[in-house]
Amino acid sequence: MRLLHTSDWHLGRTFYRESLIDAQRAFLDHLLAVVREREVSAVLVAGDIYDRAIPSLDAVALFDHALNSLADLQVPVVMISGNHDSPQRLGVTSRLIERAGIHLRTDPATCHIPAVLHDGHGPVAFYGLPYLEPFLTREEMAADKPTHEAVLGAVMDRVRADLATRPAGTRSVVLAHAFVTGGHTSHTSDSERDITAGGIPTVPAAVFEGIDYVALGHLHRPQKVTDRIRYSGSPLAYSFSEAGYDKTTWLVDLDADANLTTEAVPCPRPRTLDFLTGHLDDLLKDHRHAHLHDAWLHVTLTDPQRPINAMDRLRTRFPGTVQLTFAPQDGDPPSSTTYTERTRHRTELEITAGFVDHVRSGHAPTPAEHDLLRRAVEATRLNETVKEAH
């Protein structure tokens, strides 16, 4: 059985306020071409189909186009909701579209009920595990703790229990949306939403023991956790931290004995991501940068003083300039960095604790205060998750 593993479409997302709808449409057309040309047996979409709980009309129309095109090809699809999706909204038509071979899993209660597909060697059971917010699903999953590892572990116990009732030789595939670590380092990027609420956000690969292939979503860089556990990554770059990443889908052949053969299929790249550094006038005149006319650019200006109308002037030569930073070569580091730049690689708890330290002139939170801040941050994030879901 030949599988095409993809994830993290984030339909409707923008790139520093620039629309990506056309680029996402080009990716989906590419996906459909791969399905046809490589005779794919089933398409796997491991979460974050939309970028927001309430997606734009353009994003919904693009999703509708993708589903109808896959249904026309009569290729089964198995997909799950991710942490960006509203499971209730996304799953409202799941029973109806299942008749067209589109198996959408958004309800944690159905995690252990597989979509069973067949090839010439027998059945393959596909278990779709939507993103599981620990505090919302702990009781339902009978997990011993409200953590990602505990909740996902409890769900996988149910999956293995169901798999044990299947005919001998049934192969197994799990789709999950989580931060899984194991034999290979998991590389993150700035465009992934933090999921640290619910304690440590990572889940060990051992949770998926006994499964023939695990199709993961959430991390935006394609990578192996183990040979049988992989991230496809996002089809497009959604931040400059992804510059230079290969964007791919995984083509996975699962033979009669559950042996795997995998191939990374490159995704189309609508624009190059690149960086420029220098004085404004030099960047506008230097002919060596002519090839960057159509690139998305993060420009760092090193002028001693902030140039007037710098962004507008840059865009006359480089229309794809979307991020601008000032870093004078001489003198102290600039105090004009944006809040986003100062906090980009910090968690919400770190930012909150840093604020307390700042307003108290260098007196960091005590352990008791830090625990109180942690609980406040988790309660706030949980409240936001509930509001998005409903």
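**Reading helix 5 and some buried side chains**

Colleague: Which residues are buried in helix 5 (residues 134–141)?

Modeller: Pro134, Thr137 and Met141 are the buried ones in helix 5. They span an arc of only 85 degrees around the axis, which places them on the same side of helix 5. That arc is taken from the directions that run from the helix axis to the C-beta atoms. Buried means under 20% relative accessible area, exposed means over 50%, and partly exposed lies in between, with a 1.4 Å probe and protein chains only. Helices (H or I, at least four residues) and strands (E, at least two) are DSSP runs, numbered from the N terminus.

Colleague: What should I know about the model before going on?

Modeller: This is a predicted model, where local features need pLDDT of at least 70 and side-chain atom pairs count only at pLDDT 80 or more, while totals for chains, interfaces and linings use all residues. Residues are numbered from 1 along each chain as its sequence is written, and side-chain values use heavy atoms, with hydrogens and water left out.

Colleague: How many helices and strands does the protein have, and what share of its residues is buried?

Modeller: There are 11 helices and 19 strands. Of the 390 residues, 51% are buried. Contact means heavy atoms within 4.5 Å. Among the contacts in the protein with a separation of 6 or more, 68% join residues 24 or more positions apart.

Colleague: Back to helix 5, then. What do its buried residues pack against?

Modeller: The buried residues of helix 5 pack against helix 6 (148–163). To read such a pair, look at the axes, which are lines fitted to C-alpha atoms, for helices over the stretch in contact, with angles from 0 to 180 degrees between N-to-C directions. Here the axes of helix 5 and helix 6 come within 9 Å and cross at roughly 35 degrees. The contact involves Pro134, Thr137, Arg138, Glu140 and Met141 from helix 5, and His148, Val151, Ala154, Val155 and Arg158 from helix 6. By type, the residues of this contact of helix 5 with helix 6 are five nonpolar, two polar and three charged. In this scheme Ala, Val, Leu, Ile, Met, Phe, Trp, Tyr, Cys and Pro count as nonpolar, Asp, Glu, Lys and Arg as charged, and the others, Gly among them, as polar.

Colleague: What follows helix 5?

Modeller: Most residues other than glycine have a negative phi. Helix 5 is followed by Ala142, with a positive phi near 55 degrees. Ala142 sits in the loop between helix 5 and helix 6 and, at 63% relative accessibility, counts as exposed. Thr147 is found in the loop between helix 5 and helix 6 too. A polar atom of the Thr147 side chain lies 3.1 Å from the backbone nitrogen of Ala150. Thr147 and Thr202 are 55 residues apart in sequence, yet their C-alpha atoms are 9.2 Å apart in space.

Colleague: And is His10 buried or exposed?

Modeller: His10 is buried, with a relative accessible area of 0%. You will find His10 in the loop between strand 1 (2–6) and strand 2 (14–15). Its phi is positive, near 50 degrees.

Colleague: Where is Asp85, and which backbone nitrogen lies 2.8 Å from a polar atom of its side chain?

Modeller: A polar contact is a pair of N or O atoms within 3.5 Å; within protein, one must be able to donate a hydrogen and the other to accept it, and residues adjacent in sequence count only if both atoms are side-chain atoms. Asp85 is in the loop between strand 5 and helix 3, and at 5% relative accessibility Asp85 counts as buried. The nitrogen you ask about belongs to Tyr50, and the backbone nitrogen of Asp48 lies 3.0 Å from a polar atom of the Asp85 side chain. Leaving out residues up to four places away in sequence, Asp85 touches several residues, including Ile49, Ala53 and Leu90.

Colleague: What does the side chain of Asn83 make a polar contact with?

Modeller: The side chain of His177, at 2.8 Å. Asn83 lies in the loop between strand 5 (77–80) and helix 3 (87–90), and at 9% relative accessibility Asn83 counts as buried. Asn83 and His218 are 135 residues apart in sequence and 8.1 Å apart in space, C-alpha to C-alpha.
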